[in-house]
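Dear colleague,

I am passing a structure on to you with this email, and I would be grateful if you could read the notes below alongside it.

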Amino acid sequence: MSGEESTDAPEFEGPGMPGPAPEERPHPEGRRNTHGVRIDPEAEAKPRQRTAVVSALVEHEPGVLSRVSGLFSRRQFNIESLTVGKTTVDGHARITLVVEETDAGIDQVKKQLGKLKPVIQVGELDDDAVRAELVLLKVRGDEPDKVHAITQMYEGETLDAGPRTITVQITGDQQKIDDAVDAFRQFGIIEIARTGQTALARGDTPTTPGEEPGHSTEPKDSTYSDATDADDEPN
Amino acid sequence: MSEQQPAPTADEAADAETTTDASEPTQTPVTTGAASVVRALENAGVEAAFGVQGGAIMPIYDALYDSDIHHVTMAHEQGAAHAADAYGVVRGEPGVCLATSGPGATNLVTGIADADMDSDAMLALTGQVPSTMVGSDAFQETDTTGVTAPITKHNYFASDADTVGDTVGEAFALAAEGRPGPTLVDLPKDTTMAETDREPGPARPPETTTPPTEADEESVDAAARAIERAEKPLLLFGGGVVKANATEEARTFAIDNGIPVVTTMPAIGSMPEDHELCLSWAGMHGTGYANMAVTHCDLLVAVGCRFDDRLTGGVDTFAPEAEVVHVDVDEAEISKNVHADYPVVGDAKAALDQLTEAVDDAPDAREWRQQCTTWKEEYPLAYATPENEPLKPQFVVEALDEATPDDAIVTTGVGQHQMWAAQFWTFTNPRTWVSSHGLGTMGYGLPAAIGAKLAAPDKDVVCVDGDGSFLMTIQELSVAVREDLDITVAVLNNEYIGMVRQWQDAFFEGRRMAADYDWCPDFAKLAEAFGARGFSAESYDEAADAIEDALDYDGPSVIDFHIDPAENVYPMVSSGGANGKFALSEDQL
């Protein structure tokens with residue numbers, strides 16, 4: 001029994017345990033911030049949030065979307081939009097996420113996504129990535145000419161025109177969509193549906209690191225010179 | 001389920017048998033999805049499984065009828081999950097549990113969540129209503145993959161009898177791969193009943209998961225240079241050291257370089273607690289000297305830990321002067337809670353070998369080691385033992401430790417008794433401390449003792465339990481009796497849900513709401529009613545006798561120790577507080 005054997009320990013009658021009290025101990029002056037980074041308390045800056053576009057190549061299997069969205073709610077990551085669609089590789093899909101987090105948070109988003117079994121690759125897109133979003137706007141049809149003019153200004157398309165409503169489609173980056181929505185307000189927006197951003201890396205850069213080029217029936221391009229299994233393309 | 005396919009006739013089975021590979025004469029051929037599932041378990045080397053029967057899982061049980069796998073029927077599915085978890089912890093391989101759909105599956109949930117929080121490898125197989133009825137709110141239907149998605153590494157809904165065996169093999173392999181964790185396969189009854197003769201292949205992890213083994217050399221070198229120049233280096237061993245079977249490598253690294261060691265609770269036993277370099281475990285109720293060392297080190301080398309809040313206290317004051325080397329197989333743990341100045345992503349065993357190789361000169365830490373020794377003398381784990389006071393729980397733990405071999409396995413529930421067991425038992429071997437850490441599941445101890453004993457029949461197994469914890473899974477005593485398991489349950493009975501009572505006294509002005517457990521049954525009599533031996537002890541002499549008799553008894557026994565109800569657990573770091581400001585008694589909180 002160590003309590004009895006440690007003969008050089010001071011006589012102790014409790015309660016609690018023996019030893020110098022907290023105020024009798026030395027305490028270091030250092031501090032860490034909420035991210036566990038050692039900081040100078042005098043000069044601590046709050047970590048700033050930024051918007052990042054994260055692309056995940058996934059196995060297109062049942063439940064993959066709920067696993068990804070569940071991860072975001074469970075770990076309280078701030079997500080702005082999520083788009084998903086299959087790729088040209090059988091059984092693969094791409095999920096594009098817009099997240100607003102600190103650098104450390106974005107790092108966690110990528111790592112935690114990478115741990116999900118159906119996730120094949122994860123990458124964060126550079127600022128120069130190609131991004132697009134689509135919006136459908138249903139407005140009042142009282143002034144068809146004006147609606148048409150604004151639709152043209154935003155290089156949009158009229159999808160449906162009736163006596164009472166007109167529905168148009170605008171595509172572009174987030175800023176352009178925001179501006180278009182503002183411009184259409186004058187007609188009275190009845191309904192709106194936005195897809196959220198989807199994106200690909202520019203040029204030769206693969207969208208997720210190490211991503212294999214997709215199988216395609218399109219003419220081979222020089223970037224993806226090893227895209228040879230065109231015969232396997234499912235239809 | 002009258003519409004299901006008929007079972008193969010005896011003739012069909014006999015026909016198939018003559019055509020099987022002669023090298024496997026004892027195996028009956030696969031005829032159904034269920035048989036394929038059992039074959040996959042056999043291929044993976046599974047020797048025991050823990051579960052409870054039920055409608056939707058019956059085809060699997062029917063296939064187990066022909067298997068050598070030892071199935072242990074538990075009293076409750078939660079017990080099955082904990083037993084499988086502990087079996088896996090002791091064996092170093094995934095434990096397997098089974099349950100039916102609906103309530104069977106939801107009863108497993110606590111055990112799965114427990115395994116997930118402690119990164120314990122475990123495979124759960126759940127029955128499910130036929131896939132044609134899924135979504136119709138059928139009898140005993142629960143969206144099991146939906147419910148368990150957040151608490152598993154991955155789960156599967158098996159919809160194809162031809163591939164269900166391979167799916168189970170994959171789930172088994174995935175549970176053990178990289179950072180271990182629980183996986184689950186939901187098995188709709190039409191899949192398991194359907195005919196197939198497809199033999200599953202060996203258990204193989206999925207292709208999309210590729211955990212690292214060796215760490216990047218540059219990251220190892222950077223960490224090695226930091227270690228060489230440190231003046232106050234401290235090693236922090238986490239559960240990953242045990243899970244990676246890296247105990248030898250970890251001890252070698254510590255001893256070769258003369259670096260003091262603290263552990264997390266799951267890593268108890270990774271460093272012998274009687275070694276001069278070992279400062280035992282740090283955190284909320286860790287030793288004073290471990291918490292002093294963590295607070296004052298200038299380099300913290302953490303291996304296989306996730307910087308849980310019960311370890312760090314407030315992150316702002318955690319190892320505030322230390323650079324951090326973080327070795328982990330899971331990249332997502334790097335800089336999740338505490339920033340890593342030197343991240344090393346790799347398997348603990350490989351990475352520790354690499355570090356041993358890379359560190360040329362041991363750090364000059366003589367003064368630091370001396371300081372740690374001084375703290376050990378200043379803050380001993382001690383308790384007052386006046387002759388006439390009620391029995392002290394710390395004494396009971398020490399007496400049990402003395403009376404059992406060094407390699408005895410200790411399981412616990414959650415609460416004060418768990419902390420006393422962790423503090424006052426001197427652990428010297430890995431995989432001898434089996435507890436519920438991250439989830440803090442009361443009731444873990446008894447089913448865990450059953451799993452541990454079946455995993456290591458030659459070792460002594462003692463469950464140190466509390467009265468509240470014991471009462472949560474006490475029905476598993478029936479299993480220990482039926483399986484004739486020589487385990488001893490030592491109940492540190494203070495007639496309180498003691499940790500809550502301690503917190504009420506310290507933080508809620510002594511308003512003891514729902515903390516009294518003086519309505520607890522007579523545990524010794526209850527043990528006898530189950531068919532186990534029951535003992536009770538109120539004095540030091542009775543305690544010594546009961547320990548001797550219970551350990552001598554060849555079968556399950558329960559000792560109801562009536563301990564000092566006023567005893568509290570110290571040292572204590574208040575929630576979110578500074579480790580270095582641990583309290584030694586209530587007035588210091």
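The notes that follow concern chain B.

This is a predicted model, in which local features need pLDDT of at least 70 and side-chain atom pairs count only at pLDDT 80 or more, while totals for chains, interfaces and linings use all residues. Residues are numbered from 1 along each chain as its sequence is written, and chains are lettered from A and ligands numbered from 1 in the order in which they are written.

Chain B is divided into domain 1 (10–193), domain 2 (217–378) and domain 3 (393–570), with bounds that come from an automatic or database domain assignment. Taken over C-alpha atoms, the centres of domain 1 and domain 3 of chain B are separated by 31 Å. Between these two domains, 24 residues of domain 1 of chain B are in contact with 24 residues of domain 3 of chain B (contact: C-beta atoms, placed from the backbone, within 7 Å). On the side of domain 1 of chain B that touches domain 3 of chain B, β1 (48–51), α4 (77–91) and α5 (103–117) each supply at least two residues, and the largest share, 11 residues, comes from α4(B). Helices here are DSSP runs of H or I with at least four residues and strands are runs of E with at least two, numbered from the N terminus. That side of domain 1 of chain B divides into 13 nonpolar, seven polar and four charged residues (nonpolar: Ala, Val, Leu, Ile, Met, Phe, Trp, Tyr, Cys and Pro; charged: Asp, Glu, Lys and Arg; polar: the others, Gly among them).

Helix α16 (residues 393–403) of chain B is mostly covered, with nine of its 11 residues buried, among them Phe395(B), Val396(B) and Leu400(B). A residue is buried if 20 or more other C-beta atoms, placed from the backbone, lie within 10 Å of its own, exposed if 12 or fewer, and partly exposed in between.

Two backbone details in loops may interest you. Asp137(B), in the loop between β4 (122–128) and α6 (144–148) of chain B, has a positive phi near 60°, and Asp137(B) counts as exposed because it has 9 C-beta neighbours inside 10 Å. Ser335(B), which also has a positive phi, of about 60°, lies in the loop between β11 (323–328) and β12 (342–345) of chain B and counts as buried, with 21 C-beta neighbours inside 10 Å.

Finally, a cis peptide bond, with omega about 0°, joins Tyr570(B) and Pro571(B), and Pro571(B) lies in the segment after β18 (557–562) of chain B.

With best wishes
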